Amino acid sequence: MSPAATIVLLNALTLVFCYFWMFPRVVGKDLQKLALNDVMASVVVICVAASLYVGRDISISVMGIDFNWFWFTLISYFAMEVPFTLWYMMKYRIEPPE
């Protein structure tokens, strides 16, 4: 499996696990807990990707822009996380701060 596919799969599995199983049990309706736990989940994803690709010259090209494994992991996680966060906030009626 290509590094890009591996990272996207890692991100997807982490997000599904967090938003459908862990966050409803741990976070509930607390926006601060949601933000903190999501940061921790992103750190876990970065650490797992690092264990696979650190020290390797991996270049992932997206729309003509080359990223190394770290930036691809971080940006793709953020892009995939936004819809999950919005869905979670609507489902649990969490209001953003004013």
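The largest nonpolar core of this predicted model holds 15 residues. Within this core, Tyr19, Phe23, Leu34, Tyr88 and Ile94 touch the most other members. Three helices, H1 (3-26), H2 (31-53) and H3 (69-91), each supply at least two residues. H1 gives the most, with five residues. In soluble globular proteins, nonpolar side chains tend to be buried together.

Phe23 illustrates the contacts made by one of these core members. Residues up to four places away in sequence are not counted here. Another core lies apart from the largest one and has nine residues. Among its members are Ala49, Ala50, Phe67 and Phe72.

Backbone geometry was examined next. Most residues other than glycine have a negative phi. Met63 is not a glycine, yet its phi is positive, at about 50 degrees. Met63 is found in the loop between strand S1 (60-62) and strand S2 (65-67). Its relative accessibility is 82%, so Met63 counts as exposed, the cut-off being over 50%.

Arg93 also has a positive phi of about 50 degrees and is not a glycine. This residue lies in the segment after H3. Arg93 counts as exposed because its relative accessibility is 71%.

Notes:
Residues numbered from 1 in each chain as written. Predicted model: local features only at pLDDT ≥ 70, side-chain atom pairs only at ≥ 80, totals over all residues. Heavy atoms only, no water. Core = buried A, V, L, I, M, F, W, Y, C linked by side-chain atoms within 4.5 Å. Buried < 20%, exposed > 50% of the residue type's maximum accessible area, 1.4 Å probe, protein only. Helix = DSSP H or I, 4+ residues; strand = E, 2+ residues; numbered from the N terminus. Contact = heavy atoms within 4.5 Å.
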